[in-house]
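Open the model in your viewer and keep the sequence panel beside it.

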Amino acid sequence: AEESCPVALSELCLAQVCLSLDSLCRTQPDGSLRLSWAPLLPQEMADQLLHKMAAQGTLNDRTVGIFRSCEQLRLRRACVRSSPLSAEAFRLALCPHRLQELDASGVPGGLTGAHILSGLASNPECRASLQRLTLSRLQLGWTSLEVKEEQVGFSSLQGLRTLNLANTDLTDPFLEDICTLPKLEVLDISSTPVTELSALLGCRLTLRSLTAHGLRQLDMSPARVISILSQLHALRHLDLSDDRFVSGDEAVRLLLEGGSGILPALVSLDVSGRKKVTEGAVTAFVEGRRGLLFLGLLATGAGSCDVLSGNNNLKVAGEANEKQICESLRRYRERECFTREALVHLYQLTNDMYDQTRPDILKLVLGGMQNYSESLHVQLVASACVFNLTNQDMAVGMPHPLLSAVVHQVLEAMRSFPSHQQLQKNCLLVLCSDTILQDVPFDRFEAAKLVMNWLSGHVDRTLQRMAVAVISILVAKLSTEQTTQLGADIFIMKQLLGIVQQKAMAGVVDSTLKFALSALWNLTDETPTASRHFIQCQGLELRLMNMVPGLSVVQNNIAEVEELQADMMQEDLLEHVVTLLQGPQVEVGVSYFAGGILAHLTSRQDAWTLDQGLRQTILEQLHAAILTWALPEREMVSYRSFRPFFSLLQTSQPAGVQLWAVWAMHLVCTQNGVQYCHMLQVEGAVELLKTLSSDLDTHSNVRGMAESILGMVECHQTTSNPLRTQTEKGHHGRS
């Protein structure tokens, strides 16, 4: 599949050049850039570089200056689509080239069609060489054209074969000028204010394709329209569609029912949006034109004709079946209303697509989302389609690059429409997929923030559970820097602790609570700022540790931060933690993390602010409890680093503190020796264990466990190749 193929080396190189323009260029006095040095690039590569700059949003008055070097960067097919360029920058950078094609559609910043025509016409070579010109969605600025010389009209570009002026202010006089072009074959005047089509007779012998979608101001009788069109003897492709979904059009009816004598050579006709097109008229039209290759019938209600299904060569854009819907999404990328209409029908279709992996359809949906990222209506129905296409196991077989692009667009939708509840819900449902969360590359940091912001305003229990589960998994996969940045936002800590408090008050231990605690564990792991926020948000006041081990895990993280240990010097808190060290009703996971809290707090005698007798009692109870712990059958905890244990392994530490640290190391090395034995070596913990083992004052329980760990390290040294240190953290067993 295309999505599974690696990106071409040329694409990667061009993308890197776009990102590195400042270092590759020198700045001219006028502020524009020039390449400091450039070889004579292949002509196609220069075109691709310009296109890439436009697509990435890096093309502007400053950067387009590199194309003033016509000797090194020779343009033939120029695309400056949607790039902010001034008339002067366009004239200096692009007009000196011998262009064959130019796409300047949707260019903001004051560049008008008049400026473009004037600039192109100033180059005699370009006037003859330009064959394709696209100025759609552009202000043409006819007033400035009228005061210029005659050669700035479209007719000055004598080589033009294709002209796209859709969604411009094209008027009748300039349509007349256009139709004098001797080689004009393809013309798009969609959604322009033209009122008369008689000028088309000027190119009746050359015009092969006419797109006249949505001509709202046309002032001609239906019979006159058909009379003009029927005289276009070279016409093969005709588009008379209308996205207003008008209830009827006499001209279209006359064309469909007029017999094969009207435009007999047509191979493509689009009448989508014409509500009262009848199946009988469509049948008559198709049967009279055996060479027909395409028919646009979206939103006409006439797509179910039997005559359409019997012709394998005929492609139909409609809503009657999957094939027609997909063709609509391919054909109408530039028409928002038709895209939305097709997506609505696709959503209904995908409701019944169980256990079918359809990357081809997902790619079409993605295209609609990308083309109309600012349209709420498109994003709403498209996100629902995405969920249907990636739900449950359907995402497993999807190419990851495709899913990555889809998730990026979903996050864009969440960011663009933060207050639209249904859209946010759709996007959350898409994210709540094991395949996407675990395997697909995307910006998990941004996703975590967006989901957290959504969570703050919604209390639906089902959605809350999904949102917290998503956050828990996302946070576990963040880098240390990202976790620190996320944990620095006290709002996030308040949200998660609010959920924990809500569950505590209700006495409920469910998956939502466990996911919230898992997220808190990852946020506070080696992140002092997040740990401080945990305390500020009254996290220490919660007494849930006997219900679920998750909170003791978080408070263990807090205890690791030396500057926060004073906040935990609360006698009632410590007495509660001691009760969790052992007992028939206490899971070993709860006891383990409770022991971690006590080990860290008692490890610094100089920082102990409570009664020293209490400290000694805690140390004795900790030591005795650890000796009763049995190794759990499943993985209970994973560590990103052993460094927080180093202070606990010093020979000066009490035996209870040392014993907890070596028991923890022994636990993870027993369960995952390859990973953790290597981590012990890389981080220098082996030397600490050796020192502890050889010290005469080390308690026998501690020495025995330290020697057992060293034995495992030696065993793995001789039987395994070293593997890299784990960089991903996560509290697996208890979430």
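How many bridges join strand β8 to strand β9? Select residues 209-211 for β8 and residues 237-239 for β9. Three bridges link these strands, which run parallel. Now pick out Ser-209: its bridge partner in β9 is His-237. Keep in mind throughout that this model is predicted.

**Widen to the sheet**

Zoom out from that pair. The open sheet has 10 strands, in the order β3-β4-β5-β6-β7-β8-β9-β10-β11-β12, and the pairing is parallel. Go to the edges next: select 77-79 for β3 and 315-317 for β12. Each of these edge strands has a single partner, so one side of each lacks a neighbour in the sheet. From one strand to the next, the twist averages 5°.

Select Arg-274. This residue sits in the loop between β10 (268-270) and α11 (279-287). Is Arg-274 buried or exposed? Its relative accessibility is 8%, and buried means under 20%, so Arg-274 counts as buried. Arg-274 and Glu-341 are 13 Å apart in space and 67 residues apart in sequence.

**Two crossing helices**

Select residues 322-331 for helix α13 and residues 336-350 for helix α14. Their axes come within 9 Å and cross at roughly 150°. The crossing of α13 past α14 is left-handed. Show side chains for the contact. From α13, take Glu-322, Ile-325, Ser-328 and Leu-329. From α14, take Thr-339, Ala-342, Leu-343, His-345, Leu-346 and Leu-349. Colour them by class: six residues in this contact are nonpolar, three are polar and one is charged.

**The nonpolar cores**

Which residues touch the most other members of the largest nonpolar core? Select Tyr-592, Trp-660 and Leu-680: they do, in a core of 146 residues. Then select residues 655-671, helix α30. This helix supplies the largest share of the core, 11 residues.

Stay with Leu-680 and show its surroundings. Leaving out residues up to four places away in sequence, Leu-680 touches Phe-642, Met-665, Cys-669, Ala-685, Val-686, Leu-689, Ile-709 and Val-713.

For the last stop, move to a second, separate core of 95 residues. Select Leu-14, Ile-178, Leu-181 and Leu-235, which are among its members.

Definitions and conventions:
Residues are numbered from 1 along each chain as its sequence is written. This is a predicted model: local features need pLDDT of at least 70, side-chain atom pairs count only at pLDDT 80 or more; totals for chains, interfaces and linings use all residues. Side-chain values use heavy atoms; hydrogens and water are left out. Axes are lines fitted to C-alpha atoms, for helices over the stretch in contact, and angles run from 0 to 180 degrees between N-to-C directions. Helices (H or I, at least four residues) and strands (E, at least two) are DSSP runs, numbered from the N terminus. A crossing is left-handed if the near helix is turned anticlockwise from the far one by less than a right angle, and right-handed if clockwise. Contact means heavy atoms within 4.5 Å. Ala, Val, Leu, Ile, Met, Phe, Trp, Tyr, Cys and Pro count as nonpolar, Asp, Glu, Lys and Arg as charged, and the others, Gly among them, as polar. Buried means under 20% relative accessible area, exposed over 50%, partly exposed in between (1.4 Å probe, protein chains only). Two strands pair if DSSP finds at least two bridges between them. A nonpolar core is a set of buried Ala, Val, Leu, Ile, Met, Phe, Trp, Tyr and Cys residues joined through side-chain atoms within 4.5 Å.
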